[in-house]
Amino acid sequence: MSRRKIIAGNWKMNKTPSEAVELINTLKPLVASDAADVVFCVPAIDIIPAVEAVKGTKIAIGAENMYFEEKGAYTGEISPSMLTDAGVSYVILGHSERRQYFKETDEDVNAKVRKAFEHKLTPIICVGESLKQREQGVTIDFIRQQVKIAFSGIESENAAAAVIAYEPIWAIGTGKVATTDQAQEVCHAIRACISELYDESTAEKIRIQYGGSVSASSAAELFSQPDIDGGLVGGASLKTDFGSIVNY
Ligand code: PGA
(Lines give C-alpha, C1' and ligand atoms only; values in the text may rest on other atoms or scores of the structure.)
Protein backbone atom coordinates (compact mmCIF):
# COMPACT_ATOMS: atom_id res chain seq x y z
CA MET A 1 0.00 0.00 0.00
CA SER A 2 1.29 3.42 -0.76
CA ARG A 3 1.06 6.14 1.79
CA ARG A 4 0.67 9.76 0.76
CA LYS A 5 3.71 11.83 1.68
CA ILE A 6 3.29 14.61 4.21
CA ILE A 7 5.72 17.49 4.37
CA ALA A 8 5.27 19.94 7.21
CA GLY A 9 7.10 23.12 8.07
CA ASN A 10 7.72 23.83 11.73
CA TRP A 11 8.19 27.57 11.95
CA LYS A 12 8.97 27.46 15.71
CA MET A 13 9.10 30.98 17.25
CA ASN A 14 9.66 32.79 13.98
CA LYS A 15 7.61 35.28 11.95
CA THR A 16 5.20 37.92 13.18
CA PRO A 17 1.65 37.82 11.77
CA SER A 18 2.49 40.19 8.91
CA GLU A 19 5.75 38.39 8.15
CA ALA A 20 3.84 35.11 8.15
CA VAL A 21 1.48 36.33 5.44
CA GLU A 22 4.43 37.58 3.41
CA LEU A 23 6.23 34.22 3.69
CA ILE A 24 3.10 32.28 2.78
CA ASN A 25 2.58 34.44 -0.29
CA THR A 26 6.17 33.73 -1.34
CA LEU A 27 5.91 29.98 -0.70
CA LYS A 28 2.40 29.39 -2.08
CA PRO A 29 3.35 28.96 -5.73
CA LEU A 30 6.45 26.94 -4.80
CA VAL A 31 4.77 24.28 -2.67
CA ALA A 32 1.88 23.36 -4.95
CA SER A 33 2.09 19.57 -5.17
CA ASP A 34 -0.33 16.82 -6.05
CA ALA A 35 1.99 14.20 -4.63
CA ALA A 36 2.17 15.32 -1.00
CA ASP A 37 0.17 16.91 1.78
CA VAL A 38 1.73 20.24 2.69
CA VAL A 39 1.32 21.76 6.15
CA PHE A 40 2.63 24.99 7.64
CA CYS A 41 2.81 24.74 11.43
CA VAL A 42 2.95 28.31 12.63
CA PRO A 43 3.03 30.23 15.94
CA ALA A 44 -0.41 30.55 17.56
CA ILE A 45 -0.73 34.26 16.85
CA ASP A 46 -0.05 33.67 13.14
CA ILE A 47 -2.76 31.03 12.74
CA ILE A 48 -5.68 33.26 11.80
CA PRO A 49 -3.86 35.30 9.13
CA ALA A 50 -2.16 32.11 7.89
CA VAL A 51 -5.50 30.29 7.44
CA GLU A 52 -6.73 33.30 5.48
CA ALA A 53 -3.55 33.45 3.38
CA VAL A 54 -3.75 29.80 2.26
CA LYS A 55 -7.44 29.98 1.23
CA GLY A 56 -7.92 28.54 -2.24
CA THR A 57 -4.82 26.32 -1.97
CA LYS A 58 -4.38 22.78 -0.63
CA ILE A 59 -1.96 23.94 2.08
CA ALA A 60 -3.13 23.06 5.59
CA ILE A 61 -2.31 25.09 8.67
CA GLY A 62 -1.05 23.42 11.82
CA ALA A 63 -0.33 24.59 15.36
CA GLU A 64 2.95 23.94 17.18
CA ASN A 65 1.39 22.99 20.50
CA MET A 66 -1.94 22.76 22.31
CA TYR A 67 -3.16 22.23 25.85
CA PHE A 68 -5.02 19.09 26.92
CA GLU A 69 -7.88 20.81 28.76
CA GLU A 70 -11.06 22.09 27.11
CA LYS A 71 -11.02 25.54 28.71
CA GLY A 72 -10.60 27.38 31.98
CA ALA A 73 -7.97 28.86 34.24
CA TYR A 74 -4.81 27.95 32.29
CA THR A 75 -3.30 31.34 31.59
CA GLY A 76 -1.40 31.46 28.35
CA GLU A 77 -2.56 28.14 26.94
CA ILE A 78 -4.45 27.41 23.71
CA SER A 79 -7.33 24.90 23.66
CA PRO A 80 -8.15 22.36 20.96
CA SER A 81 -11.43 24.04 20.03
CA MET A 82 -9.66 27.38 19.66
CA LEU A 83 -7.50 25.67 17.04
CA THR A 84 -10.30 23.95 15.16
CA ASP A 85 -12.49 27.05 15.21
CA ALA A 86 -9.61 29.02 13.69
CA GLY A 87 -9.26 26.51 10.85
CA VAL A 88 -6.35 24.41 12.07
CA SER A 89 -6.19 20.75 11.06
CA TYR A 90 -2.82 19.53 12.40
CA VAL A 91 -0.98 20.05 15.67
CA ILE A 92 2.64 19.24 16.51
CA LEU A 93 2.77 17.51 19.90
CA GLY A 94 5.75 16.62 22.05
CA HIS A 95 8.41 18.42 20.03
CA SER A 96 11.77 17.93 21.73
CA GLU A 97 12.00 21.68 22.39
CA ARG A 98 8.72 21.47 24.32
CA ARG A 99 9.98 18.43 26.19
CA GLN A 100 13.32 20.08 26.97
CA TYR A 101 12.44 23.72 27.73
CA PHE A 102 8.87 23.34 28.95
CA LYS A 103 9.26 20.01 30.72
CA GLU A 104 6.56 18.17 28.76
CA THR A 105 6.43 14.53 29.75
CA ASP A 106 5.37 11.48 27.75
CA GLU A 107 2.16 11.53 29.83
CA ASP A 108 1.45 15.15 28.86
CA VAL A 109 2.00 14.22 25.23
CA ASN A 110 -0.42 11.30 25.57
CA ALA A 111 -3.09 13.57 27.14
CA LYS A 112 -2.65 16.00 24.25
CA VAL A 113 -2.82 13.24 21.63
CA ARG A 114 -6.10 12.00 23.13
CA LYS A 115 -7.54 15.52 23.13
CA ALA A 116 -6.41 16.17 19.57
CA PHE A 117 -8.35 13.12 18.33
CA GLU A 118 -11.43 14.08 20.34
CA HIS A 119 -11.40 17.30 18.33
CA LYS A 120 -10.51 15.68 15.00
CA LEU A 121 -7.14 17.37 14.87
CA THR A 122 -4.34 15.29 13.33
CA PRO A 123 -1.41 15.14 15.73
CA ILE A 124 2.16 15.18 14.49
CA ILE A 125 3.72 13.33 17.41
CA CYS A 126 7.45 13.97 17.82
CA VAL A 127 9.86 11.42 19.20
CA GLY A 128 13.64 11.27 19.15
CA GLU A 129 16.75 10.39 21.08
CA SER A 130 19.56 12.55 22.42
CA LEU A 131 23.14 12.14 21.24
CA LYS A 132 23.98 10.46 24.55
CA GLN A 133 21.21 7.92 24.12
CA ARG A 134 22.37 7.16 20.59
CA GLU A 135 25.92 6.65 21.83
CA GLN A 136 24.68 4.41 24.63
CA GLY A 137 22.85 2.26 22.08
CA VAL A 138 19.41 2.79 23.62
CA THR A 139 17.82 4.72 20.76
CA ILE A 140 15.26 2.14 19.70
CA ASP A 141 14.27 1.22 23.26
CA PHE A 142 13.81 4.86 24.16
CA ILE A 143 11.75 5.68 21.08
CA ARG A 144 9.57 2.61 21.51
CA GLN A 145 8.76 3.83 25.00
CA GLN A 146 7.91 7.33 23.75
CA VAL A 147 5.62 5.82 21.09
CA LYS A 148 3.93 3.39 23.48
CA ILE A 149 3.08 6.10 25.99
CA ALA A 150 2.00 8.62 23.33
CA PHE A 151 -0.48 6.07 21.91
CA SER A 152 -1.78 4.74 25.19
CA GLY A 153 -5.58 4.59 25.07
CA ILE A 154 -5.73 5.62 21.39
CA GLU A 155 -7.97 3.46 19.20
CA SER A 156 -6.60 1.94 16.03
CA GLU A 157 -8.65 4.08 13.59
CA ASN A 158 -7.19 7.16 15.19
CA ALA A 159 -3.70 5.72 15.41
CA ALA A 160 -3.82 4.95 11.69
CA ALA A 161 -4.54 8.61 10.95
CA ALA A 162 -1.78 9.98 13.17
CA VAL A 163 1.56 11.30 11.99
CA ILE A 164 4.75 10.47 13.89
CA ALA A 165 7.85 12.61 13.38
CA TYR A 166 11.13 10.91 14.18
CA GLU A 167 13.48 13.74 15.08
CA PRO A 168 16.84 12.83 16.59
CA ILE A 169 17.57 15.71 18.96
CA TRP A 170 21.19 15.90 17.82
CA ALA A 171 20.04 16.56 14.26
CA ILE A 172 17.64 19.42 15.04
CA GLY A 173 18.91 22.80 13.94
CA THR A 174 22.47 21.52 13.86
CA GLY A 175 22.93 20.97 10.13
CA LYS A 176 23.85 17.41 11.11
CA VAL A 177 21.22 15.37 9.31
CA ALA A 178 20.87 11.69 10.26
CA THR A 179 22.16 9.32 7.62
CA THR A 180 19.48 7.80 5.44
CA ASP A 181 20.15 4.42 7.04
CA GLN A 182 19.85 5.80 10.57
CA ALA A 183 16.58 7.56 9.73
CA GLN A 184 15.11 4.54 7.93
CA GLU A 185 16.15 2.17 10.72
CA VAL A 186 14.32 4.15 13.39
CA CYS A 187 11.26 4.88 11.24
CA HIS A 188 11.04 1.16 10.51
CA ALA A 189 11.28 0.37 14.23
CA ILE A 190 8.50 2.87 14.94
CA ARG A 191 6.26 1.17 12.36
CA ALA A 192 7.06 -2.22 13.89
CA CYS A 193 6.13 -0.84 17.31
CA ILE A 194 2.76 0.38 15.95
CA SER A 195 2.21 -3.04 14.43
CA GLU A 196 2.79 -4.65 17.85
CA LEU A 197 0.53 -2.14 19.62
CA TYR A 198 -2.25 -2.44 17.02
CA ASP A 199 -1.87 -4.56 13.89
CA GLU A 200 -0.18 -4.68 10.52
CA SER A 201 -2.85 -2.67 8.74
CA THR A 202 -2.63 0.24 11.22
CA ALA A 203 1.15 0.19 10.88
CA GLU A 204 0.85 0.27 7.09
CA LYS A 205 -1.40 3.33 7.23
CA ILE A 206 0.33 5.52 9.80
CA ARG A 207 2.62 8.16 8.34
CA ILE A 208 6.11 8.57 9.76
CA GLN A 209 8.20 11.64 9.00
CA TYR A 210 11.87 12.28 9.50
CA GLY A 211 12.91 15.65 10.93
CA GLY A 212 16.24 17.23 11.79
CA SER A 213 18.19 19.45 9.39
CA VAL A 214 16.19 18.31 6.35
CA SER A 215 17.37 20.41 3.39
CA ALA A 216 16.69 20.67 -0.32
CA SER A 217 19.70 18.42 -0.91
CA SER A 218 18.87 15.67 1.63
CA ALA A 219 15.09 15.45 1.13
CA ALA A 220 14.93 13.21 -1.94
CA GLU A 221 17.06 10.42 -0.52
CA LEU A 222 15.39 10.50 2.90
CA PHE A 223 11.85 10.56 1.52
CA SER A 224 12.49 7.66 -0.83
CA GLN A 225 13.11 5.25 2.05
CA PRO A 226 10.37 2.66 2.50
CA ASP A 227 9.36 3.79 6.00
CA ILE A 228 9.85 7.55 5.64
CA ASP A 229 6.65 9.26 4.53
CA GLY A 230 7.88 12.84 4.40
CA GLY A 231 9.48 15.34 6.71
CA LEU A 232 9.06 17.82 9.52
CA VAL A 233 11.20 20.75 8.47
CA GLY A 234 12.39 23.57 10.72
CA GLY A 235 14.96 26.04 9.40
CA ALA A 236 14.47 25.26 5.72
CA SER A 237 10.69 25.76 5.96
CA LEU A 238 11.25 29.51 6.36
CA LYS A 239 13.00 29.77 3.02
CA THR A 240 12.19 29.15 -0.62
CA ASP A 241 14.09 25.87 -0.13
CA PHE A 242 10.84 24.54 1.29
CA GLY A 243 9.49 24.52 -2.26
CA SER A 244 12.35 22.27 -3.38
CA ILE A 245 11.78 19.99 -0.37
CA VAL A 246 8.08 19.60 -1.17
CA ASN A 247 8.91 18.86 -4.81
CA TYR A 248 11.96 16.74 -3.88
P1 PGA B 1 15.40 21.73 11.70
O2 PGA B 1 14.20 21.54 12.75
O3 PGA B 1 14.88 21.31 10.36
O4 PGA B 1 15.73 23.20 11.75
O5 PGA B 1 16.53 20.88 12.16
C6 PGA B 1 13.35 20.44 12.66
C7 PGA B 1 12.36 20.47 13.80
O8 PGA B 1 12.73 20.83 14.92
O9 PGA B 1 11.18 20.14 13.60
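# Close-up views of a predicted model

**View 1. Strand β3 and its partner β2.** Val39 stands opposite Ala60 in β3, and this pairing belongs to a predicted model. Strand β2, which covers residues 36-42, runs parallel to β3, and four bridges join the two strands. Between them the chain passes through helix α2, made of residues 47-53, and the β-α-β crossover from β2 to β3 is right-handed. In a regular strand the side chains alternate between the two faces of the sheet. In β3, Ala60 and Gly62 point one way while Ile61 and Ala63 point the other way, and all of these residues are buried.

**View 2. Strand β8 and its two partners.** Strand β1, residues 5-10, runs parallel to β8, and the two are joined by four bridges. In this pairing Ile6 stands opposite Gly230 of β8. Strand β7, residues 207-211, also pairs with β8 in the parallel sense, over two bridges, and here Gly211 has Leu232 as its bridge partner in β8. Both faces of β8, residues 230-233, are covered, with Gly230 and Leu232 buried on one side and Gly231 and Val233 buried on the other.

**View 3. The largest nonpolar core and the surroundings of Phe40.** The largest nonpolar core contains 64 residues, and those with the most contacts inside it are Phe40, Ile61, Phe151, Ile190, Tyr210 and Phe242. Helix α9, residues 180-197, gives the most to this core, with six residues. Apart from this core lies another one, of 12 residues, which include Ala8, Ile124, Val163 and Leu232. Which residues does Phe40 touch, not counting those up to four places away in sequence? Phe40 touches Gly9, Trp11, Ile24, Leu27, Val31, Ile59, Ala60, Ile61, Gly62 and Phe242.

**View 4. The largest pocket.** The space in the largest pocket comes to about 500 Å³. Among the 22 residues that line this pocket, Lys12, Glu64, Asn65, Arg98 and Phe102 are the closest to its centre. Helix α4, residues 96-101, gives the most to the lining, with three residues.

**View 5. Two loop residues with a positive phi.** Most residues other than glycine have a negative phi, and most peptide bonds are trans. Lys120, which is not a glycine, has a positive phi of about 60 degrees, and this residue is found in the loop between α5 (106-118) and β5. Is Lys120 buried or exposed? Lys120 counts as exposed because its relative accessibility is 73%, and the cut-off for this class is over 50%. Ser213 is another residue other than glycine with a positive phi, in this case near 60 degrees, and Ser213 is found in the loop between β7 and α11 (219-223).

View 6. Ser218 is found in the loop between β7 and α11. Ser218 counts as buried because its relative accessibility is 14%, and buried means under 20%. Leaving aside its neighbours within four places in sequence, Ser218 is in contact with Val177 and Ser213. Ser218 and Tyr248 are 30 residues apart in sequence, and their C-alpha atoms are 8.9 Å apart in space.

Notes. Residues are numbered from 1 along each chain as its sequence is written. This is a predicted model: local features need pLDDT of at least 70, side-chain atom pairs count only at pLDDT 80 or more; totals for chains, interfaces and linings use all residues. Side-chain values use heavy atoms; hydrogens and water are left out. A nonpolar core is a set of buried Ala, Val, Leu, Ile, Met, Phe, Trp, Tyr and Cys residues joined through side-chain atoms within 4.5 Å. Buried means under 20% relative accessible area, exposed over 50%, partly exposed in between (1.4 Å probe, protein chains only). Contact means heavy atoms within 4.5 Å. On a 1 Å grid over the protein atoms alone, a cavity is a set of points where a 1.4 Å probe fits but cannot get out, and a pocket is an open set with protein on both sides within 12 Å along at least five of seven lines; lining residues have an atom within 4 Å of a point. Grid points are joined across faces, edges and corners, and a volume is the space filled by probe spheres set on the points. Two strands pair if DSSP finds at least two bridges between them. A crossover is right-handed if, with the strands pointing away from the viewer, the path from the first strand over the helix to the second runs clockwise.
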